[in-house]
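Open the model in your viewer and keep the sequence panel beside it.

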Amino acid sequence: MRNDDGTGVKAILTEISDVVGYHKEGHRVIPVEGRLVYRGIEIKDLVEGFKREGRHGFEETVYLLMFGELPCSKELEMFSKSLYEQRRLPSGFVQHIILPFPSADIMNKLQSNVTVLYRKDPNPDDISVGNVIKQCISLIAKFPTIIARAYQAKRYNLDGKSLFIHEPKEGLTTAETFLYMLREDRSYTPLEAEILDLMLVIHADHSGGNNSTFTTHCVTSTDTDTYSAFAAAIGALKGPKHGGANAKVMAMMDEIKKNVRDWENDGQVIDYLSKIVRKERGDGSGLIYGMGHAVYTKSDPRAVLLKEKARELASVNGRSAEFNLYNKVAELTPEVFRKVKGLDKIIAPNVDFFSGFVYDNLGFPKEIYTPLFAMSRVAGWSAHRIEELISGKKIIRPASIYVGPENKKYLPLAERRS
Ligand code: MLT
């Protein structure tokens, strides 16, 4: 699904969000500063807007993505209340579905729990827009609960740790609710909750072409149920080339931290990065994880927003030296590609570059990094599912070009090579 120049093939028309990373002049791709626009509003303006008014922003972002407009204060209050009312899982769900079947991988557990929720819905196959909106809001509300419980089941059953279950509390935002349910002592600082809220806002949608959202469009276009569509999207997001990328960044940075003696020395950092690019170190792929993006060129606007918060959090946690090393890796990567590969490419850190570091600073276990992405992106999947149901007329069914062998003879079983 890429053109010869590396840009994506245009496959979806959407009114939900726009991702801009380059302009095209004829056949030339012109790099520009990245822009992410939710329903016409620049992500930076959205974030600055709710921060200026001293609020968390995820709830109004979900509303904006799903319904196309920012909610008025009454609508926001009702929407937030409705999320709270739907956070609890059906009776017996934790005891009979989550706890007895722990999974080391929380994404797989989230996926299977979503399909179990199909069985608990009295009207699961009704794909009228009203019913699908109801189902989507219920799933957006329940993802934090499922993820917290699935992680607790894993800790208890597989890691031998003690089990605690905190019920969601009224009046808390999604970010606060998650911290409250995840942490044994239910505590969190305002800065921690603010950063998690920012993470949820900036991950909530990324237009129609990212793999899990495209999957949502494809699967929805078959007229299947909401649970099947989101289970497919979760499967797509799990992959390390999509939502699982921040864990790759963390593994790479852990290796760099161990092996580069002086983190402030450009030469030492360049040497190690060069070894990674030459496939002598790292995971052998030659990739510097978290650098570059399928659409963004000069900058990923989400990484720009996150970087400042990562700096603040790192300073509070006494981890500024590590933050500076992240920054150095980001700054020196283009030079390394130039030296080792002769590639004169503009390459900037993407959101995954800082997100693992932020989650680590929040004390989150690695197992929930990608599930947190799902907890946010389910908002975008919801908006895109509704859009596909309203405006998609036909099943998405691209053509393929056959490039395999022709005119082969059918061989009887006895004549085939064993
Ligand atoms: C995303 O947010 O989905 C990722 O940046 C990947 C993408 O847009 O393709």
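Select Y326 and F353: are they buried or exposed? Y326 is buried, and F353 is buried too. Keep in mind that this is a predicted model.

Now show helix α14 (residues 320–341), which holds Y326, and helix α15 (residues 351–361), which holds F353. The pair ties together parts 27 residues apart in sequence. The ring centres are 5.5 Å apart and the planes stand at 70 degrees, so the pair is edge-to-face, since planes over 60 degrees apart count as such.

Next, look at the aromatic pairs in general; the count comes to 13. One of them is Y118 with Y227, an edge-to-face pair at 6.0 Å centre to centre, with 90 degrees between the planes. Select helix α5 (residues 106–120) for Y118 and helix α10 (residues 226–238) for Y227; the pair links distant parts of the chain, 109 residues apart. Y118 is partly exposed, with a relative accessible area of 26%, whereas Y227 has 5% and counts as buried, because the limit for buried is under 20%.

Finally, zoom out and colour by secondary structure: the protein has 16 helices and 3 strands. Its C-alpha atoms fill a box of roughly 70 × 60 × 50 Å along the principal axes.

Note on methods. Residues are numbered from 1 along each chain as its sequence is written. This is a predicted model: local features need pLDDT of at least 70, side-chain atom pairs count only at pLDDT 80 or more; totals for chains, interfaces and linings use all residues. Side-chain values use heavy atoms; hydrogens and water are left out. Rings of Phe, Tyr and Trp (its six-membered ring) pair if their centres lie within 6.5 Å; planes under 30 degrees apart count as stacked, over 60 as edge-to-face and the rest as tilted. Helices (H or I, at least four residues) and strands (E, at least two) are DSSP runs, numbered from the N terminus. Buried means under 20% relative accessible area, exposed over 50%, partly exposed in between (1.4 Å probe, protein chains only).
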